[in-house]
Amino acid sequence: MTDVATLWEVGLPLAGAAGGLGYAKVRAPQVFWSLVGLPVTRVRFAVTYHATMDVCGLTVQPSRLRAFMVRNIARRPDVQPVPPKVRRIRGTSTGLRVTLRLPAGLEPADVMAASERLRHAWGVHSVNVTETKPGFVELRMTGYDVLNRVRMPRRRPAGPMTVSVALREDGTAFVRDYLKVPHALTLGANQTGKSMYQRNLVAGLARLPVALVGIDCKRGVEHRGYAPRLSALATTPEEADGLLNVLVGEMEDRFDLLSDYGVADIWALHEDVRPAPVVVLLDEVAELFLTATKKDEERRDRMVTQLIRLGQLARAAGIYLEVCGQRFGSDLGKGATALRAQLTGRVVHRVNDKQTAEMGVGDIAPDAVVTVLTIPPDRPGIAVAGDTSGGWSRIRTPQLSAAEAAAICLAHAHLTPDLPSLAAYRPVLPDGIGAAPEPVPLVKPDPATA
Ligand SMILES: Nc1ncnc2c1ncn2[C@@H]1O[C@H](COP(=O)(O)OP(=O)(O)OP(=O)(O)O)[C@@H](O)[C@H]1O
């Protein structure tokens, strides 16, 4: 009887706790990681660090001075090889961050090459190695697959033109910073998550004091929902042609302004005179290249030339390009590769062939091509994001429906800057939509009279 009672009193809560943890591991991996994974990994790391670094080939012979001290002061006959010094260990909600000081003889590439071995040794989901400053690397370990159910870090990135668009596989935010990478290209086959990426980007940009310009030659099916927050919208190649001309004119006017003030770009101007930055969202770029008649060809050549000019010069004028499409290679026609070369930010979702993967990342991060080709078809939204620094990472956007993105645009319609040159292309909205919201009364209305 006593045994049964003990089993009941002790066994039941234990079974409940084990069941709860098992459930958390599958359904709430963040909770499981914080309760179990993090403490276990910390201990495992502390206990096995030296041995792991040794078997992974990440130790070096100590300096002569150190060897002398070990032999003569510590009086130990054997002088062991030394691993990198651990400078900082920090647990996060998704993993563990460890800063290492590299000894002479080791370089970041050595640690990067061993990341797969380190991952297995410490039983974590992934280990990414980043050089933080000369001589220092950070090991970013994740305890579970953070791209499975994306939860963005809450902290807003610093900077006037930064948007947190997606989550990187090391648990940090993938930030689109227009001042660092002014123009970008998003590629991917059908149903791979390009629209979801654009929606997250627009939802972030809508909250900033920037002008958004949409060019969506699929009759505006993607961009129409953003209309309340757009300063201009073109939905046909004819309108796109006119709008690109206006944008080039706006760029030239801005150059006159910069030259009057003797500065090199709009961010050097005082904010009272600084024109609003403009982000041009160009959806399905191949539509602009299609031609059926001689007249179409002339228009195509004109538009491509204007886009190349914007790509080459518009950064200083605060005009940035965000181009999206399924493919973007020389087969699109004259000027395609010249334009692509200007779009140095790259986000490539799953593609249908190796050639398209190479078009996307081959020129900026050749070793990322294989990763693009291994994106599984059942995980839409996964992409490889690279930039001109040669760095790249797998990313995934959080889910955001078209209706939610449209609601964010509507709620921030009052931030739409008034750019007179684009007025002719301002999308026409139903009455009242897009107007500045009524100011909130400071005094609460009297419930008796309300
Ligand atoms: N980050 C994500 N997480 C989960 N599901 C996603 C993600 N991104 C996209 N999806 C899903 O994948 C499907 C295709 O997404 P989306 O419409 O963005 O693709 P697309 O590349 O724009 O397609 P198309 O070229 O046909 O317009 C949708 O059902 C969407 O819900």
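Reply: Let us begin with a term: a strand here is a DSSP run of type E with at least two residues, and strands are numbered from the N terminus. In this predicted model, glycine 325 belongs to strand S11, which covers residues 319-325.

Me: Is glycine 325 buried or exposed?

Reply: A residue counts as buried if 20 or more other C-beta atoms lie within 10 Å of its own, and as exposed if 12 or fewer do. Glycine 325 has 20 such neighbours and therefore counts as buried.

Me: Which residues does glycine 325 touch, leaving aside those up to four places away in sequence?

Reply: With that exclusion, glycine 325 touches Leu187, Glu284, Val285 and Ala286.

Me: Which residues does the UniProt annotation "binding site" cover?

Reply: According to the unreviewed UniProt entry, the annotation covers Gly188, Ala189, Asn190, Gln191, Thr192, Gly193, Lys194 and Ser195. Of these, asparagine 190 is placed in the loop between strand S7 (184-187) and helix H6 (194-205), and glycine 193 is also in the loop between S7 and H6.

Me: Why does asparagine 190 count as exposed, and why does glycine 193 count as buried?

Reply: The neighbour count decides each case. Asparagine 190 counts as exposed because it has 8 C-beta neighbours inside 10 Å. Glycine 193 has 25 C-beta neighbours inside 10 Å, so it counts as buried. Beyond four places in sequence, glycine 193 touches Gly188, His349, Pro380, Gly381, Ala383 and Thr397.

Note on methods. Residues numbered from 1 in each chain as written. Predicted model: local features only at pLDDT ≥ 70, side-chain atom pairs only at ≥ 80, totals over all residues. UniProt positions renumbered as here; feature names shortened; annotations may be inferred. Helix = DSSP H or I, 4+ residues; strand = E, 2+ residues; numbered from the N terminus. Contact = placed C-beta atoms within 7 Å.
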